[in-house]
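Hi,

Here is the structure we talked about, handed over for you to browse. Have a look at it first, then read on for what turned up.

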Amino acid sequence: MFPLQEKTQDVFSGQNLPYLQPDTTYCLKVKASLEDHKALWSPEYCIKTPKALDGLAPPKNLRVYALNMKCILYWDNLYNGSISFTVQWLYAFRRQYSPDYSDEWITVQGCENITKPHCDISSPVSFHGMFYFRVRTMNSYSKSPWSEELPFDPLIENEIDPPSVKVNASENSLHIFIVPPEELEKNSISEHYSFTYHIWYWNNSSYTKGRIEEKSTSFIIPNLSPSTVYCLEVQALLISKSSKFSNVTCIETASGQSNQVSLVIAVVFFGAAAVVVALLCVSWYIWKKVKYAFFPSCNFPLIIEKTGGRDPNSSYLISSEESTEKCVLVIEKSILPEINLKDHGQSEQSCRDSGNYSNDDDISGNKNSHEIKEEEAI
Amino acid sequence: MNAILTQGWLHICLVMLFFSEVSSQSCTSLRVQLTTTTKNSLGLLKSKMRTNLPLQCLSDMRDFVATQEILKEIQTSLEENPKVAIHEIFQQIIRTFNQNRTETAWDENSMAAFQTRLHQQVQHLGRCLSAEMENDIPSPRGQNIQLTRLRVKRYFQRIDNFLNEKQHGLCAWEIVQIEVKRCLLLVDQLTNRIQN
């Protein structure tokens with residue numbers, strides 16, 4: 001007697017149970033399961049498998065490798081020689097909700113009658129969905145039964161490449177630029193979900209790491225020390241999946257002191273320049289005022305210059321008065337009028353010399369009045 | 001000896017910490033996931049389905065009015081126990097749309113994308129829920145959860161009955177898809193009750 005081996009597994013209506021032994025009696029019983037409900041077993045049903053497997057055996061050990069949503073299905077090839085494989089896929093929900101899902105399988109485009117034991121299954125896969133795959137072996141004579149059914153959930157199984165990072169350093173901050181993990185043109189991950197980035201950064205002397213969580217691909221880490229070497233590594237996160245860390249990138253922040261010195265120099269230079277310019281302006285202004293006051297560029301009319309600044313009327317009046325007084329006191333008629341006339345003639349001539357002036361008439365008017373006064377006095 | 005023991009305990013603690021971290025990882029961003037799924041599913045329904053009822057369906061609509069007040073059941077269940085309610089609602093929606101739809105001319109690819117998206121969310125949510133339930137001995141809380149699921153099932157039972165009455169006709173399906181949209185809108189509004 002063979003030992004009784006009992007095995008339990010979840011099945012759905014229409015499911016294939018592969019890899020059974022030939023010429024063996026198998027018994028099965030089924031019960032429904034629904035959350036916390038308790039259910040009863042069905043009666044046992046027993047069936048004997050055919051004597052020997054006269055055809056090909058189905059492929060075994062199916063597995064999917066998915067990186068950045070490029071998904072490749074691999075399986076073990078049990079044969080040498082001219083055999084081929086065909087891959088089929090199915091939406092996972094069909095297993096659960098169809099009365100019989102066995103006729104809902106669809107052949108994957110480009111994975112029909114292929115000779116290599118792997119195939120790119122990215123075409124039916126979308127990021128938001130769960131899928132099943134199965135494979136069978138074929139030659140020109142026969143087809144194997146279908147393999148086990150392999151579930152695939154890209155949200156969980158798809159791996160993400162680490163992002164790449166570029167860093168610019170200033171005196172007290174780092175500007176980070178992140179390039180998201182490489183994407184396929186189809187099935188673009190970021191079309192549905194945006195990455196979150198975890199950034200770890202540290203400086204070589206302290207060994208304590210700071211951590212930042214960012215959604216954007218370009219941002220600044222502020223409040224850093226100048227002239228310090230900072231290193232950082234970045235990880236991309238997509239829902240519950242995280243990528244490996246990017247390569248460690250190190251950069252030195254700009255030295256703050258030299259900057260300060262140059263700032264001081266600049267301030268001093270510009271300050272001095274401003275003061276010099278201001279002084280020049282002030283001295284020029286003062287010079288202009290002095291020049292205006294003491295060395296005017298325009299000359300007084302000659303008549304004014306000749307009188308030496310005295311009021312011409314008064315000067316003449318005084319001199320005539322004095323002469324009249326002298327006339328009263330000393331009677332020397334023969335000399336006095338001669339002198340007076342001489343004086344008068346001189347002034348008359350100078351007036352005529354300056355005949356260019358527009359106040360000629362006034363001056364000649366004055367001359368007349370002078371003559372009259374003198375005559376009266378005499 | 002003592003040191004080895006301490007180290008052993010440390011290892012155990014670390015391993016336990018690691019496992020709890022792993023098991024809760026996909027549940028930490030649950031609310032964000034649910035919101036995105038609901039909005040996206042609604043978008044799929046809105047873009048591919050009719051939003052106005054054809055005139056010949058108005059009499060069928062009158063037959064359905066009786067179920068309108070039962071949407072309150074959904075609201076109650078979402079308020080009681082949002083995660084469980086959403087888990088059940090999504091399952092029921094997938095199941096409902098997997099019935100005989102030969103009368104409709106809906107885009108099959110969009111419908112499958114809609115269903116698979118909900119299904120993926122059901123699986124993730126189910127894992128989070130079972131992780132939470134592990135600590136729960138059958139209790140008043142367990143009964144409460146049963147009640148929440150029952151409310152949701154009752155609502156979808158009415159929809160099923162209506163579809164059966166109308167023999168899964170075009171009008172019945174148009175009315176049902178509008179009703180499902182209303183239900184998803186309610187889910188969208190009440191998802192923010194979930195604590196991350």
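Predicted model: local features only at pLDDT ≥ 70, side-chain atom pairs only at ≥ 80, totals over all residues.

Before the findings, one cut-off you will need: a residue counts as buried under 20% relative accessible area and as exposed over 50%, with partly exposed in between.

**Salt bridges**

The side chain of B:D63 meets that of B:K166 in a salt bridge, 2.5 Å from N to O. This pair links distant parts of the chain: B:D63 sits in helix 3 of chain B, while B:K166 is in the loop between helix 7 (140-165) and helix 8, 103 residues apart. B:K166 is partly exposed as well, at 22% relative accessibility.

Next up is B:R154, whose side chain meets that of B:E73 in a salt bridge at 3.3 Å, N to O. B:R154 belongs to helix 7 of chain B and B:E73 to helix 4 (residues 71-80), so this contact ties together parts that are 81 residues apart in sequence. B:E73 is buried, with a relative accessible area of 17%, whereas B:R154 is partly exposed at 43%. The two also take part in a network of salt bridges that links B:E73, B:E80, B:R151 and B:R154. Over all chains, the structure holds 18 salt bridges.

**Around B:R101 and B:T104**

B:R101 does two things here. Its side chain forms a salt bridge with B:E108, the closest N and O atoms being 3.4 Å apart, and its backbone oxygen lies 2.9 Å from a polar atom of the side chain of B:T104. B:R101 is buried, with a relative accessible area of 12%, while B:E108 is partly exposed at 38%.

B:T104 itself lies in the loop between helix 5 (82-97) and helix 6 (108-133) of chain B. Is B:T104 buried or exposed? At 11% relative accessibility, B:T104 counts as buried. Leaving aside neighbours within four places in sequence, B:T104 is in contact with B:L170 and B:W173.

**Disulfides**

How many disulfides does the structure hold over all chains? The count is 4. In chain A they follow the pattern 1-2, 3-4, 5-6, counting bonded cysteines along the chain.

One of them joins A:C111 to A:C119, with 1.9 Å from S to S. The torsion about that S-S bond is about -90°, so the disulfide is left-handed. A:C111 and A:C119 are both buried.

Another joins A:C231 to A:C250, also listed at 1.9 Å from S to S. With 105° about the S-S bond, this link is right-handed. A:C231 lies in strand 15 (residues 229-238) of chain A and A:C250 in strand 17 (residues 249-252), so the pair ties together parts that are 19 residues apart in sequence. A:C231 is buried at 4%, but A:C250 is partly exposed at 43%.

In chain B, a disulfide joins B:C57 to B:C171, at 2.0 Å from S to S. The link has -75° about the S-S bond and is left-handed. It connects distant parts of the chain, 114 residues apart: B:C57 is in the loop between helix 2 (30-48) and helix 3 (58-64), and B:C171 is in helix 8 (residues 170-190). B:C57 and B:C171 are both buried.

**Strands in chain A**

Strand 3 (residues 60-67) and strand 4 (residues 70-76) of chain A run antiparallel and are joined by 6 bridges. They form a hairpin with 2 residues between them, and A:N68 in the turn has a positive phi of about 50°. Across the pair, A:Y65 stands opposite A:I72 in strand 4.

Strand 4 of chain A is also joined by 3 bridges to strand 7 (residues 118-120), again antiparallel.

**A:N16 and the annotated span**

A:N16 is found in the segment before strand 1 (25-28) of chain A and is partly exposed at 31%. Its contacts, leaving aside neighbours within four places in sequence, are A:W146 and A:E149. The C-alpha atoms of A:N16 and A:W146 are separated by 7.7 Å, although the residues are 130 apart along the chain.

Finally, an unreviewed UniProt entry annotates residues 263-287 of chain A as "transmembrane region". In the model, that span is 100% helix and 0% strand, and its end C-alpha atoms lie 36 Å apart.

Cheers

Technical notes: Residues numbered from 1 in each chain as written. Chains lettered and ligands numbered in written order. Heavy atoms only, no water. Disulfide = S-S within 2.5 Å. Buried < 20%, exposed > 50% of the residue type's maximum accessible area, 1.4 Å probe, protein only. Helix = DSSP H or I, 4+ residues; strand = E, 2+ residues; numbered from the N terminus. Contact = heavy atoms within 4.5 Å. UniProt positions renumbered as here; feature names shortened; annotations may be inferred. Polar contact = N/O pair within 3.5 Å; in protein donor to acceptor, adjacent residues only side chain to side chain. Pairing = 2+ DSSP bridges. Salt bridge = Lys/Arg side-chain N within 4 Å of Asp/Glu carboxyl O.
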